Amino acid sequence: MRMPAPDQAVLARRAEIVAALRAIVPGEGVIDAEEELRAYECDGLNIYRQLPMVVCLPSTTAQVSDVLRYCHDQGIKVVPRGAGTGLSGGALPLGDGVLLGMGKFNRVLELDFANRCAVVQPGVTNLGISNAVAHEGFYYAPDPSSQIACTIGGNVAENSGGVHCLKYGLTTNNVLGVELVLMDGEVVRLGGKHFDAGGYDLLGVVTGSEGLLCVVTEVTVRILPKPETARAVLLGFPTVASGGSGVAAIIAAGIIPGGMEMMDRPAIHAAEAFVQAGYPLDVESLLIVELDGPAAEVDELIAAVEAIAREQGAVYARVSNSEEERARFWAGRKAAFPAVGRISPDYMCMDGTIPRKELAHVLDRIAALGDQHGLRVANVFHAGDGNLHPLILFDANKPGEVEAAERLGADILRLCVEVGGVLTGEHGVGVEKRDLMGTMFSEADLSQQQRLKCAFDPQGLLNPGKLFPVLHRCAELGRMHVHRGQLPFPDLPRF
Amino acid sequence: MAEILKPATAPQLRDAIAWAAAEEAALEVVGLGSKRGVGRPLQASHTLDLSGLAGIVSYEPSELVLTARAGTTMREIETLLHENRQVLGFEPPDLSPLFGGSTGDGTIGGVIASNLAGPRRVKVGAARDHFLGMSGVSGRGEAFKAGGKVVKNVTGYDLCKLLAGSFGTLAAMDEVTVKVLPAPVKARTVLISGLDDARAAAAMADALNSPFEVSAAAHLPARVASRADVSYVRDAGGPVTAVRIEGTGVSVAARCEGLRGRLAAYGALEELHSMNSAKLWRAIRDVAMLLPDSRAVIWRLSVPPSEGARIAAAIAAVRDVEFFYDWGGGLVWLAAGAAEDGGADAIRNAVATSGGHATLFRAPDALRAAVPVFEPQTGALGALSARVKDGFDPRRILNPGRMYAGV
């Protein structure tokens with residue numbers, strides 16, 4: 001993985017840039033001491049590290065606007081950062097760039113229950129929103145597993161998901177409005193407390209834009225009344241294939257569970273050894289299916305799910321009979337990553353989505369690819385929506401293993417695309433999958449995406465080196481190649 | 001008379017637009033033309049008819065995904081989904097009759113390009129939320145694709161969101177992939193009669209804030225309710241507020257009982273089951289009860305739900321209008337006379353007090369040419385939208401000016 005070469009001319013002006021930023025953000029809001037910069041050298045994808053040139057921590061929209069305008073005018077790159085929990089390297093600093101930390105934007109601005117929304121600053125944590133509205137029986141639905149730490153601003157940037165997104169959607173389906181600052185310092189508001197922002201759905205493209213289009217300074221999210229009740233059932237299957245057909249049969253029966261997670265044998269064993277969730281150890285795949293909603297419905301559907309699973313060959317079924325038991329079922333799944341961390345010095349989490357029917361085939365192929373690269377893989381899976389999280393186990397201290405893990409990861413993602421899926425379901429492209437974009441998108445597809453980037457940030461100063469394998473110059477992308485009168489369309493029906 | 005280009009294949013679609021781009025020939029992009037009357041009137045030398053790009057490409061019910069050519073009729077798609085007990089969750093309205101067409105005339109491409117959504121918007125979102133992937137041709141004459149064919153995907157910019165609601169001004173779509181959902185097994189609607197608009201807004205908020213998973217909430221003032229084709233509503237003799245619950249049989253019965261308990265304090269309750277419930281919501285979805293007078297202009301207001309009643313009252317204080325509310329008060333369909341500006345100033349001033357947007361949804365050509373059809377965009381936002389258009393259609397050949405002058 002290569003990042004753009006640092007601009008020596010910018011680095012030479014570092015002292016001047018730091019002073020200019022201090023004039024905009026006074027006090028301790030500008031960090032340039034190396035030992036303090038160290039805290040920002042990576043995000044959740046910690047195999048890639050880079051010290052930023054300087055860290056800037058604004059606390060008002062006006063400061064963000066002034067910082068961006070200054071950087072825009074001076075041609076200085078900017079990398080926005082929320083809590084730094086992202087798993088694709090989207091907040092990886094640039095050696096010649098300003099790291100713009102949004103952590104001081106940590107206030108809940110307004111709770112509006114009549115319109116079922118909350119207006120918050122981007123540095124408020126995902127769980128912080130749910131906590132702020134819990135007293136009225138509400139919550140914020142998307143729940144990435146980092147929800148204690150990750151911020152809503154980061155969620156908007158990455159279009160984060162979670163275990164409940166089959167039923168409740170990703171971030172993009174739960175954001176009503178934002179205030180944002182463009183690279184040239186202009187402040188724009190999109191949407192609000194109403195449905196569907198008017199005009200082009202810029203809110204829809206800003207969400208999931210991985211910090212390349214703008215910096216979000218305020219977010220209005222939709223909040224939902226908490227489901228009356230939730231129950232989970234553990235279902236064990238003798239093969240991965242039968243687990244996969246269990247998932248398909250549940251959905252074919254018209255049931256959309258609040259959550260539907262699958263783990264393979266290595267993941268089950270690692271999780272059980274770590275948290276003693278009570279998982280069966282003699283099955284090849286384990287499903288956790290959670291039904292939420294009114295009690296009458298949950299009882300009816302949980303019985304239906306169990307019956308369907310039995311028909312598909314489930315050899316183990318246990319329904320939660322208390323909140324405590326439901327929490328224990330989930331404890332294993334939620335601890336799957338650290339559990340795998342206990343059995344391997346390092347692991348790398350992949351994030352492709354596949355058509356569910358390909359599950360058994362894909363897991364077989366992943367195991368074979370693992371053998372080929374000499375590495376083990378444990379699989380957890382948001383089964384409801386086909387989002388696969390293969391965990392590649394490796395030891396960074398062994399020569400060549402990081403590279404082998406990267407190669408295996410790339411092979412797994414190529415496989416996901418090959419069977420009709422995509423590179424990333426919820427973690428984002430960042431630097432991690434940047435160089436694989438060409439396996440899913442043609443040059444023309446990527447050019448069209450970059451022309452959107454040009455509309456927001458024509459100089460390409462916001463978070464360069466992420467998302468696109470090659471960032472073309474906007475002047476080049478804007479050119480049209482037409483050959484007047486020479487285009488062949490002999491077959492075009494005209495009337 | 002405008003020449004019609006009617007591609008039958010993706011390469012022909014690309015050729016047609018590449019030719020138009022080279023010649024700088026403006027194209028009016030249409031499916032079956034059922035919503036042709038939405039937007040600013042066009043000056044296009046040619047029509048690009050996408051109805052030849054029709055047919056279901058793939059559909060796997062257990063994957064919850066359907067891929068179809070953009071010109072496929074909604075009738076064909078809904079019939080196929082119905083056979084498999086599935087639906088497009090966002091309950092797309094059939095607005096053909098509103099423009100003098102017949103039922104079922106729309107195409108899936110048209111529904112997405114207009115980002116339409118029916119009453120279930122409050123629970124599951126709009127077309128944009130169910131639009132997963134596409135292929136098509138930009139105004140540069142270049143074929144491209146975006147999104148994917150799986151329900152969860154964050155790879156690259158979500159250009160699908162941008163195309164939903166772009167009214168054919170950015171690209172002509174060839175193929176679209178949408179998320180589908182299981183059809184609700186049962187539906188029931190709780191009716192409250194006699195509430196004024198403000199009280200109805202409170203009742204709808206109470207229902208939507210309950211844990212009973214309400215899937216729609218609408219309020220019909222007296223005159224609108226009197227035009228309903230469901231007798232319970234028509235004969236109520238006053239305004240009617242309707243709240244819908246959907247799901248499995250046992251669940252619907254239980255939730256309905258809970259909801260009735262919560263709403264009892266608001267007034268006398270009635271309940272509609274299956275057929276009547278479906279009939280009422282179809283009429284609300286398709287704006288069938290608003291002024292049968294085809295000369296009326298129709299506005300569509302998207303506002304914060306709690307502000308709908310106040311905004312409608314402010315407009316009614318200065319103009320002779322008729323209206324009803326969907327989306328718990330957040331969507332106001334409003335009919336006004338075509339005289340002067342068709343109510344544009346009064347309506348936009350009222351909406352500006354709360355945030356939101358107003359669209360002059362149906363009006364004679366002259367009025368749509370004279371007043372902004374979509375909420376005007378100024379300053380940095382207007383400039384940004386124009387730059388987005390530049391990226392897709394720099395020569396302004398796809399539905400030029402349909403949304404905004406110069407865009």
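Let's start with two helices of chain A: α9 (residues 240-252) and α11 (residues 295-311) pack with their axes 9 Å apart, at an angle of about 135 degrees. That angle makes α9(A) oblique to α11(A), oblique being what remains once angles under 35 degrees count as roughly parallel, over 145 as roughly antiparallel and 65 to 115 as roughly perpendicular. Axes here are lines fitted to C-alpha atoms, for helices over the stretch in contact, with angles from 0 to 180 degrees between N-to-C directions. Helices (H or I, at least four residues) and strands (E, at least two) are DSSP runs, numbered from the N terminus.

This is a predicted model, in which local features need pLDDT of at least 70 and side-chain atom pairs count only at pLDDT 80 or more, while totals for chains, interfaces and linings use all residues. Residues are numbered from 1 along each chain as its sequence is written, and chains are lettered from A and ligands numbered from 1 in the order in which they are written. The model scores ipTM 0.97 and pTM 0.96. Chain B averages a pLDDT (the predictor's confidence in each residue, from 0 to 100) of 95, and 100% of its residues score at least 70.

| Helix pair | Angle | Axes |
|---|---|---|
| α9(A) and α11(A) | about 135 degrees | 9 Å apart |

In the contact inside chain A, Gly246(A), Ala249(A) and Ile250(A) of α9(A) meet residues of α11(A) including Val305(A) and Ile308(A); contact means C-beta atoms, placed from the backbone, within 7 Å. Between the chains, Arg451(A), Leu452(A), Cys454(A) and Ala455(A) of α17(A) meet residues of α15(B), among them Leu384(B) and Asp390(B).

Zooming out, 86 residues of chain B are in contact with 83 residues of chain A. On the chain B side, α15(B) gives the most, with eight residues.

Chain A also holds an open antiparallel sheet of seven strands, in the order β15-β12-β14-β13-β17-β18-β16. Its edge strands are β15 (316-319) and β16 (346-349), and the twist averages 15 degrees from one strand to the next. Strands pair if DSSP finds at least two bridges between them; β12 (residues 229-237) and β15(A) have four, with Leu234(A) bridged to Arg318(A). Helix α12 (residues 323-334) of chain A lies across β12, β13, β14 and β17, at about 55 degrees to β12(A).

Notes: Two residues are in contact if their C-beta atoms, placed from the backbone, lie within 7 Å.
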